Structures are given as structure tokens and as C-alpha cells.
Amino acid sequence: MIVDKLFEHVKERGHVCIGLDTDYSYLPEAYAKQFKSKAEAIYNFNKDIIDATYDLAACYKVQIAYYEAMGIDGLRAYSDTLKYIKEKGQISIADIKRGDISKTAEMYAAGHFSGDFEADFVTLSPYMGINDSIEPFLKYIKENEKGIFVLVRTSNQGAKDFQYIKDENGLNLYENVADMVEKLAEENLGSCGFSSIGSVVGATNNEESGSLRKRLKTSFLLIPGYGAQGGKAEDIKAYLINGNGAVVNSSRGILLAYKKENNGEDNFAMYARNEVIRMRDDIRANI
Ligand SMILES: O=c1ccn([C@@H]2O[C@H](COP(=O)(O)O)[C@@H](O)[C@H]2O)c(=O)[nH]1
């Protein structure tokens, strides 16, 4: 199962998931000008970041919104970035946050687990129901070495609007979602003991991270919110089981690391690498 490869990457390389949320404005001006189009510049920027970091990263998360916003050319850069991640032997998470009725979800599954936009994992929203939004992806998990991360408790402040609504037993909505995801996860275990049915849990809002991990016993975790959103390494510990079972995403913190350096523009990829090393060691030191 794909989760076993992710588990090995975490063991060998650490927990860092590099977020390729590549906004054109993030590119050094002189670098961007070399290319014929914005999309070509973005793809080459991603390629340089991947070349500088693939030996250190657990995986890469590509946020589709940044590419969709640029139309057809942006989607070409998205597709080429996913292909390059694969070429380097790395794991891709397509952050697409899809969720719809089952027939439509079947199309999302085919669209993101095969063809031009094929990724190893996708992120899914469960709020239209497990049978509709999640079930159509399961056959790819069993038959095609794919995985999913279901939104359980997100990193943003607005997470409180719905995810903390309590049911008649005093359980938060996110806890109910966690229980349903964990049930499915246990039916799709890899040999590492974790499941290719993962959960998204934020590195922020962490008062209940220990109790949430107790509910999500086998689900592999994707933890966004480190760095730019204020999540800290010490917030990660409660989510790990024997030091594994989670990857921690940082996007702006890594892509924009060069901006903190004098003349960083000329060496943006090296500064991204330095930030990945700093983040990896920061997390390891807090386990
Ligand atoms: O709860 C969530 C789920 C997903 N995200 C995504 O992660 C990255 C975070 O980017 P940073 O620049 O490191 O803040 C981004 O793609 C979000 O869409 C999240 O932040 N929280």
C-alpha cells in the first residue's frame, strides 16, 4: 500500500511535506523573467525546489487552487509538477479537497488517480457523506496503490464554525468524522500498521490533539498549519505514534524562505532546502 512507502519516507527522511502552493508572485523577479509564460516559470520553480529537496522530503503536497487560477496553462504546470515528483521517486498529495455525490465523485477519483492529473494521494471533504464522497475512491486504494486524506479537523480559525458543533452526546462534529474515517481506515491497513485512508488535522487548535489521535488509531495524518499559520513543532508530538504516522506540511514557509536572506533570490532553492532541514530537525527535536 502507498502508506507503507510514506511510512518509510518518514522513517528515513523525516516528517516534512513540502507544499507547492506556487503563486507567481513568490518567484524571484529575475528568475521568472527568463521564461516565456507564467506557467512555465512556475513549473521550473517547482522543479528547482524538488531537485533541491527530494532527498529530504517525506512527500510533496500540490495545492491545485494555485494552478486552476491560471487556467489551462496553470493546469499544464500542475500536471507536469505531479509527473516530475513521480520521476524523482517521490510521493504526491493532490490537495483538491473534493466531495460530491457518488457519480460525480467517481469522476473526481478517475480524474485525480489516473491520466494527466494522477497523484498518489488526494484530499477529500467528507461532508456530503461517506458513501458519496469517499466510497468511490476506495477501489483505487485497494487496486492501484492510492491513498486519501479526509478533512477531519482543519487548521484555520473558521474550523470552529462547524467542526466543533456538538451532538446530543457532547461529541464534536470533527470527532464523529474522525470515528467514521477510522472505521474505514482499519479496513485498509498497510503492513506498517497505518492506513492509506488518512486524515487532515491542523497543527493549530491543539488542545485536543492527544484525544483526537486516540480516535484516529491507524489513520495516517496530514498536518498542515506549521510555520506561516503559527503551528509549532511541539504541537506535532501528540499526533505521532512511535515517531511516525504523520507528515507535516509547510508551503509558504519553505517556498518563501529565500526572502529572509540578503540576495536570497539567486539561491531560492538552496534556502528552501535549508528551511526543510531546519523544520525536519525542529520536529525531530520535539518528538
Ligand atoms: O486544514 C487545512 C487543510 C489544508 N490546508 C492547506 O495546507 C496549505 C498550508 O499552506 P501554508 O502556506 O503552509 O500555510 C495550503 O495549501 C492550504 O490550502 C490548510 O492550510 N489547512
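Where is the place of Asn242? Asn242 sits in the loop between S7 and S8, where helices (H or I, at least four residues) and strands (E, at least two) are DSSP runs numbered from the N terminus. The model is predicted, so to speak of local features a pLDDT of at least 70 is needed, side-chain atom pairs count only at pLDDT 80 or more, and totals for chains, interfaces and linings use all residues. Residues are numbered from 1 along each chain as its sequence is written.

Eight strands close into a barrel in the order S1-S2-S3-S4-S5-S6-S7-S8, with parallel pairing; two strands pair if DSSP finds at least two bridges between them. From one strand to the next, the twist averages 30°. Strand S7 (residues 219-223) runs parallel to strand S8 (residues 246-250) and is joined to it by three bridges. Across this pair, Leu221 stands opposite Ala246 in S8. In the UniProt record, an unreviewed entry, residues 15-267 are listed as "domain: Orotidine 5'-phosphate decarboxylase"; UniProt positions are given in the numbering used here, feature names are shortened, and annotations may be inferred rather than shown by experiment. The span of residues 15-267 is 39% helix and 18% strand, and its end C-alpha atoms lie 24 Å apart.

Helix H1 (residues 2-13) lies across S2 (59-63), S4 (121-124), S5 (147-153), S6 (195-201), S7 and S8, at about 60° to S6. Helix H12 (residues 268-285) packs on the sheet, where it touches S1 (16-20) and S8, and its direction makes about 140° with that of S1. Axes here are lines fitted to C-alpha atoms, for helices over the stretch in contact, and angles run from 0 to 180 degrees between N-to-C directions. Contact means that the C-beta atoms of two residues, placed from the backbone, lie within 7 Å. Ile2, Val3, Lys5, Leu6, Phe7, His9 and Val10 are the buried residues of H1, and they pack against S2, S4, S5, S6, S7 and S8. A residue is buried if 20 or more other C-beta atoms lie within 10 Å of its own, exposed if 12 or fewer, and partly exposed in between, with C-beta atoms placed from the backbone. Just after H1, Gly14 takes a positive phi of about 105°.

The largest nonpolar core holds 82 residues, and those with the most contacts inside it are Leu6, Cys17, Tyr60, Ile223, Val247 and Val248. Helix H3 (residues 38-53) gives the largest share of this core, seven residues. Such a core is a set of buried Ala, Val, Leu, Ile, Met, Phe, Trp, Tyr and Cys residues joined through C-beta atoms within 7 Å. Leaving aside neighbours within four places in sequence, the contacts of Ile223 include Val201, Ile236, Tyr239, Val247 and Val248.

Most residues other than glycine have a negative phi. Asn242, although not a glycine, has a positive phi of about 50°, and is exposed, with 8 other C-beta atoms within 10 Å. Asn263, in the loop between helix H11 (252-255) and H12, has a positive phi of about 55° and counts as exposed, with 7 C-beta neighbours inside 10 Å.
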